[in-house]
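Here are my notes on this model, in numbered points. Please read them beside the sequence and the coordinates.

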Amino acid sequence: MIRIYADTYVPKYHSGKWSWDGKTDILHFEPHHDLEDARERFITTNGYKFLRSINQEEEMIFRQQFVRSEATFDTDTVVINDVRDLVLYLMPKEFLSMRFLEFMHKPAVHRLLHALIIYFEYFLRLVEFVLVRRDELAGNMAQIQSEQTNEMKRIWSIYLSQYRMLVARNYSVILKGQGDMAQFYHMKEIVNISATIKDKYFHEQFLAVAIQIIWITMHRRAYNVIEMEMNRLFRSEHFVMNRPEYLKFTPSERSLLYGRNNKIVNYRSQASPLIHELKHIADEDLPILWIGERKYRGTDTRIVQIELEYIVPGPQLFMIDVAHGILGHPKLLYDTMLNLDWPAVRFANYSVEHDPYHIVRQPHLKIPNIDEMKLRRMSKHFDQFFKVFRIYEPVSKQMLTRWCRRDKVINFYRSGGVLDDIYVRCNKDLASHKYGPTVAQIIQKYFKLVTRLRKKANTGNAADDTISSKSLVLAPPQRKKIPEIAEDRYFED
C-alpha cells in the first residue's frame with residue numbers, strides 16, 4: 001500500500017507555520033494539516049462517529065501494529081480482511097469489546113459481508129440506471145418506454161432479488177445461532193430469557209461497521225444510498241430515518257429496486273425484507289440457497305453465474321472479468337486508507353482495452369435476454385453431491401487482544417513510545433551487541449513461511465490414475481489436522 005505521508009519519521013510537534021497577527025500583536029500558528037474539523041475528521045454512521053482521515057502518527061501505528069501480516073495469503077491484493085481491519089481501526093472505542101471482535105472475525109460474518117458486497121455492487125448500478133431513466137422521462141424531450149424495456153426491468157429486479165436471497169441465507173445462520181455462532185445467540189439456554197438490550201446495541205454496532213465496510217469497498221461512493229438500503233434490509237422501512245440526504249423513489253422505482261416480495265404491514269408484525277425473501281422463493285430459484293454449500297449441477301446458466309461470482313475468491317475475480325468494488329485490486333494502487341491513487345493507476349498504463357480490475361471501465365448492466373425467464377423455468381436440476389468448502393485465515397488470540405487494547409497501544413506511542421521507522425531500527429542495530437537469530441533459525445523461519453504459502457507438489461505414482469489416488473495426494477499426511485468448527489476450514493497458523 002502507498003503511504004499517505006511521504007516520510008516515515010513522526011515528529012512530536014505540529015507541522016505548520018508562524019505568522020504575525022497585526023491586530024492582536026501576537027504570533028499566530030497555522031498548522032499545515034488541521035484535521036480537527038468534524039466534517040473532515042469524522043463521519044457519522046447510524047449515530048456513531050468513525051474516523052474519516054488519519055494523521056501521520058496514526059498511519060504509522062496502523063501499518064506496524066494492525067495491518068494484515070505478510071505471512072497471510074494474497075498479501076499483495078485487497079481482500080475483505082483488509083477492509084475489515086481498516087474499519088476496526090477507525091471505529092469508536094465503545095465498539096472495542098472481545099465479544100464483538102470475535103464476532104467480526106467469524107467465518108459466518110465473513111460470508112455475510114461477502115454476500116452484501118455482491119448485492120450492493122449491483123444495487124448501486126440499478127440505482128444509477130433508475131436515476132438516468134428518471135431524467136430521460138422528465139422534461140419536454142421525454143422518451144417513451146416500450147414493453148421490452150419494462151420486461152428488461154422485471155428481469156433486473158429478479159436478479160437483484162436473487163442476490164438478496166444469498167444475503168438472507170447467510171444472515172439467517174447468524175440469527176439462528178448455528179455452529180460457532182451459538183455463543184452470540186440472544187436467548188440463554190436454561191432460563192430462556194432474551195438479552196434484548198445487550199443484543200440491541202450489539203446489532204447497532206455491527207450494522208454501523210457493515211455500512212463502513214461496504215462503503216469503503218464500493219470506492220467510497222453513494223454513502224447515503226448504502227446507509228439507507230442497509231438499514232432497510234436489516235430493519236424495515238418503518239425504522240429508516242427520514243433524512244433529506246436520502247433518495248425518494250416513486251412506486252414504480254421501488255418495485256424495481258425492492259422486488260416483488262417487499263411487503264409493508266403494521267410495524268408490530270413487520271419482518272425485515274431479508275426474511276421476506278426467504279418466505280417467497282420461486283421453484284427455479286431454490287438452488288440459490290445451496291450456493292457456496294454444494295456444487296450446482298444443472299442447466300440454469302443464471303445460477304451458474306451467481307455461483308461463479310460467489311465462490312471465486314477476491315484475488316481471482318479478474319480471471320472471470322467480474323468487479324466487486326476494490327476486492328482483488330493490487331495494493332500498489334491504494335494508500336493506507338484504501339483510497340485509489342490515480343497517479344499509480346496512470347503509471348500502470350491501464351486503458352479501456354487493458355483493464356482487468358474494472359478501474360477505467362465504467363460499471364454497467366448487461367442487457368438480458370427477453371425470454372430468459374421462460375428458459376429458466378425449462379431448465380433441469382440434478383442432484384448435488386459435492387460439498388464446497390471455503391478456507392479462512394485464522395485470527396490469533398494475541399491479535400484479538402491487541403485489537404481490544406487499540407486505544408492503549410495508540411496512547412502508548414503518542415505518550416513517548418518510539419515507532420520503529422528505518423532510522424530508529426538502524427540506531428538500535430548499531431547500539432546492540434547481540435548477534436540475533438542464527439542462520440539455522442532464519443532458514444527454518446523462511447521455509448516455514450514458504451511451505452505455508454506455496455502449493456504442495458503432486459508426488460503421486462504416475463501409474464495410479466484413479467480419482468481416489470489423486471485425492472490422497474492433494475491431502476499430504478505431514479500437515480496437522482485442524483479441528484473443524486461448524487464445517488469451517490482454516491489455514492494453518
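1. Among contacts in the protein chain between residues at least 6 apart in sequence, 72% link residues at least 24 apart. Contact here means heavy atoms within 4.5 Å. The model is predicted: local features need pLDDT of at least 70, side-chain atom pairs count only at pLDDT 80 or more, and totals for chains, interfaces and linings use all residues. Residues are numbered from 1 along each chain as its sequence is written, and side-chain values use heavy atoms, with hydrogens and water left out.

2. The protein chain has 18 helices and six strands. These are DSSP runs numbered from the N terminus, helices being H or I with at least four residues and strands E with at least two. Of the 493 residues in the protein chain, 42% are buried. Buried means under 20% relative accessible area, exposed over 50%, and partly exposed in between, with a 1.4 Å probe and protein chains only.

3. Helix α5 (residues 107-137) packs against helix α8 (residues 223-234) at about 120°, with the axes 11 Å apart. That makes α5 oblique to α8. The cut-offs for angles are under 35 degrees for roughly parallel, over 145 for roughly antiparallel, 65 to 115 for roughly perpendicular, and oblique for the rest. Axes are lines fitted to C-alpha atoms, for helices over the stretch in contact, and angles run from 0 to 180 degrees between N-to-C directions.

4. Which residues of α5 meet α8? They are Leu116, Tyr119, Phe120, Phe123, Leu124 and Val127. On the α8 side are Val225, Ile226, Glu229, Met230, Arg232, Leu233 and Phe234. The residues of this α5 and α8 contact divide into 11 nonpolar, no polar and two charged. Nonpolar covers Ala, Val, Leu, Ile, Met, Phe, Trp, Tyr, Cys and Pro; charged covers Asp, Glu, Lys and Arg; the others, Gly among them, count as polar.

5. The axes of α5 and helix α6 (residues 147-176) come within 9 Å and cross at roughly 160°. α5 and α6 are therefore roughly antiparallel to each other. The contact of α5 with α6 divides into 18 nonpolar, two polar and four charged residues.

6. Strands β3 (residues 42-45) and β4 (residues 48-51) pair in the antiparallel sense over four bridges. Pairing requires at least two DSSP bridges between two strands. Phenylalanine 42 stands opposite leucine 51 in β4, and isoleucine 43 opposite phenylalanine 50. β3 and β4 form a hairpin with two residues between them. In the turn, asparagine 46 has a positive phi of about 55°.

7. Check two backbone angles. Leucine 338 has a positive phi of about 60° although it is not a glycine. Leucine 338 lies in the loop between α11 (301-311) and α12 (342-347), and is buried, with a relative accessible area of 5%. Histidine 358, also not a glycine, has a positive phi near 55°. Histidine 358 sits in the loop between α12 and α13 (372-377).
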